[in-house]
Amino acid sequence: MDFIKVEDLIFEYTKTDEGGAPVSFRAIDGISFTVQKGSFTAIIGQNGSGKSTLAKNLNGLLLPTAGKVYIDGLDTSVPENMWDVRQRVAMVFQNPDNQIVSAIVEDDVAFGPENLGIDPLEIRRRVDSALDGVEMGDYKDKAPHLLSGGQKQRIAIAGAIAMEPECIVFDEPTAMLDPRGRREVLSIARELNRKGMTVVFITHFMEEAACADQVIVLDNGTIKLEGTPHEVFRRKEELKALSLGVPAAVQLSSDLRDRGVDLPEDILTDEELIEALLKVKGEAEVKSL
Amino acid sequence: MIEVKNLTHIYNEGLPHESVALDDVSFRIEDRSFVGVIGHTGSGKSTLLQHLNGLLKPESGTIVIDGVDITDSHTKMLDIRRRVGLVFQYPEYQLFEETVAKDVAFGPTNLGLEQEEIDARVRESIGLVGLDYDCLKDKSPFELSGGQKRRVAIAGVLAMKPDILVLDEPTAGLNPKAHFDILDMVSDIHERENNITIFVSHNMNDIARMSDQVLVIDKGRLAMDGTPSEVFRREEELKAMGLALPDATEIVSRLRKRGMELPADCLTIGQAADAIAAALGK
Amino acid sequence: MIRDITLGQFYPGNSVIHRLDPRVKILATLLYIVALFVVKDFTGFIAAFVLLEAVIVLSKVPRKYIWRGLRPVLIIIFFTIAVNMFMIKGDIIWQLGFLHVTRQGLRTAEFMAVRLILLIIGSTMLTLTTRPIGLTDGIEALLSPFKKIGLPAHELAMMMTIALRFIPTLLEETDKIIKAQQARGADFESGNILRRAKALIPILVPLFISAFRIAQDLAMAMEARCYGGVVKRTRMNAMKFAGRDLIASIIFCVFLAVVVLQRVLL
């Protein structure tokens, strides 16, 4: 079932030029795609590719200039739908500091449910379970500014979970984190997805896209590539032309094929590459016997 | 040459929450080397960098740069700042002037140089970071793209003509393209200026590919000091500190564990490809 | 150093004082402060001290922690003592040049110092035992009668919440910016006032830009979490006026009444 349906989405920002006259800038230029309920979709692209603008169109923070975005069948541009849309699609942003509202961790996690007018006892239950879900239960009384970047981002995720959305859009949640923080955030996103949450994960780290069900590559406001990670990452030349890298295993297997090693085209992860190489080695040994 | 001897720094000394940020750190950096520094957030790397240009003073130990002890209280601060340029993380957040040229001129002006010299340096360092001086000099730095802002901020440090350039995670938060552009720029500057460049990164591929010498900091101590191949050979120790290997080294190491005969010092995808192809008789 | 200030900080706990309704705590603190200014002799202070001591013991907040909050304001206390000691005319008991200490001055100085210390510790106890959200909720509730005359009680309370959250972040940011500009040779320590004021520009401009960026991001994040929606907000820790609150209210009202009566009658 389609949970998110984007139809010919166009989004224009209005800026003022040096003379003060309004100029419109098209950040998203006619894109269409769907996201299945319970799936993990990765969106990759450079800065200025429109990926952040797209994210904000997925929960009505921005509304389409033209085209439509449907969330669970609800048109985001209908004002009556706005709060339903935002409750169904929660968001986690890039800067871990600038999205935490309250000076105490658990009060911050409660912020969303409080805005939804949930019963206090139910909020308590949601906050506790959301914090446990991101393994931050021990920090509920702490001040957010004393936590690491990865921990802050986990608090932000707990704040999203506590709204009991059906989908979480992660807008470059790992861009400002160190490797440990990145691993923490990605593994929580995958764990949530495993439990049935629809996840849209925006990133510029290719290896984070490798575990997705669907990868969408954006450039200049349009979709350049779309498909499973295997389908997308084998198109190495196109990705390079977009100045996007590929995971190390993909690059290495392509270099090895260039050197005459017989490897399949669809290697994506280290594990797949290692197994394939050991198979080649085994065959070579059999031949030489 | 930089010579750091027994450097120790303690935060909040005497208070109940005092903590040792640097613990007896000693190393040497030769002229013209490119040095990578790795370690976890909170390992003490940033504290170390801030000592290198006198922003922090050590509890004990010395830092001697070309024969001058910068930890000596008689050494003039401006003299240290002239020798060592420090580019902070997210340096674009320090831009403040109305125009790019004025912002870059801030450092040289503080050094008390003649106006003519300042202008020449501003022009030169904007060029060094790969930006068009005539096109950008009168623009507001806040109108630029993220990658351009970072370049302007780096130019602001280069304009002080430091012999030693220190960069704390110069590519933090950048996309793949801007990431490689900035690193290429840093290595171009290194070639052109023949300076000592020290950079902190969490990206082991960059560290392996670019550095002559790698310093590994763990819990305030210098855990390793050597060439990339010497350091990344010590897989178990690195992993115990929660640090990763370069992608190529990781794959090769796993193949070795599965019985393939490969050299232990592959650092880049290219080296790994050559070694694996050779092992398979191709 | 800045992080040592406990004034305005919360000390997590679950004591009876922590559990008191924030509205009651805020009003009690106000009653207590009014009482301190009504008091005219030391017996009144002894009563205030006993009350404060009871609150400290019940709150289970370590004294060391309270003391740390007092340290940054010691200067103000010493200044007050000095001003009172030297400025008030009366029977001179000690003199050095133009400086003279009078009996009345000494007495007033002691009086003021005790009053200030009791005042600061008292209000610190309010913030130490009330989480920031409780504090702002309490203020919002107490201000809500004034909504009728157009006072934006909720918005004021939300602004306070956000300020409490972001003060440490902005302090850290300031520290980073100062260091970065120092690395570019900036000098904040020498020169006359005008030069020093000018030297602040490289700190203030980036700081304002940071603050605006935070504001923009935060507004977006709050909207994404349905802030400003149509439904009426609820609170996780809804304020409830319980038996203990009644007792606390009575104690503080009686305290103020006694102090006032003492002043009027004696």
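Modeller: Chain B has twelve helices and ten strands. Keep in mind that this is a predicted model.

Colleague: What radius of gyration does chain B have, and why does that agree with a compact globule?
Modeller: Chain B has 20 Å, and this agrees because a compact globule with 282 residues would have a radius of gyration near 19 Å. Along the principal axes, the C-alpha atoms of chain B fill a box of roughly 65 × 50 × 35 Å.

Colleague: How many of the residues in chain B are buried?
Modeller: Buried residues are 48% of the 282 in chain B. As for contacts in chain B with a separation of 6 or more, 64% of them are between residues 24 or more positions apart.

Colleague: On to the sheet. What is the strand order?
Modeller: In chain B, six strands form an open sheet in the order S6-S7-S8-S3-S9-S10, and the pairing is mixed. Strand S6 (84-87) and strand S10 (221-226) of chain B are the edge strands, each pairing on one side only. On average, neighbouring strands of this sheet are turned by 15 degrees against each other, direction ignored.

Colleague: S3 and S8 of chain B: parallel or antiparallel?
Modeller: Strand S3 (residues 34-38) and strand S8 (residues 196-200) of chain B run parallel and are joined by four bridges. Val37(B) has Val200(B) in S8(B) as its bridge partner.

Colleague: Which strands does helix H1 of chain B touch?
Modeller: Helix H1 (residues 45-52) of chain B packs on the sheet and touches S3, S6, strand S7 (164-168), S8 and strand S9 (213-218) of chain B. The direction of H1 makes about 155 degrees with that of S7(B).

Colleague: Now H3 and H6 of chain B. At what angle do they cross?
Modeller: Helix H3 (residues 100-110) and helix H6 (residues 146-158) of chain B cross at roughly 35 degrees, and their axes come within 7 Å. The crossing of H3(B) and H6(B) is right-handed.

Colleague: Which residues make the contact?
Modeller: H3(B) contributes Val100(B), Asp103(B), Val104(B), Phe106(B) and Gly107(B), and H6(B) contributes Val152(B), Ala155(B), Gly156(B) and Val157(B). By class, six of the residues are nonpolar, two polar and one charged.

Colleague: Last topic, chain A. How many residues of chain A are in contact with chain B?
Modeller: 29 residues of chain A are in contact with 29 residues of chain B. On the side of chain A that touches chain B, helix H6 (179-194), helix H10 (248-258) and helix H11 (270-288) of chain A are the elements that give two or more residues.

Colleague: Which gives the most?
Modeller: H11(A), with eight residues. The residues on that side of chain A divide into 15 nonpolar, eight polar and six charged.

Notes. Residues numbered from 1 in each chain as written. Chains lettered and ligands numbered in written order. Predicted model: local features only at pLDDT ≥ 70, side-chain atom pairs only at ≥ 80, totals over all residues. Axes fitted to C-alpha atoms, helices over the stretch in contact; angles between N-to-C directions. Left-handed = near helix turned anticlockwise from the far one by under 90°. Contact = placed C-beta atoms within 7 Å. Nonpolar A, V, L, I, M, F, W, Y, C, P; charged D, E, K, R; others polar. Pairing = 2+ DSSP bridges. Rg over C-alpha atoms; globule rule 2.2 N^0.38 Å. Buried ≥ 20, exposed ≤ 12 C-beta atoms within 10 Å, placed from the backbone.
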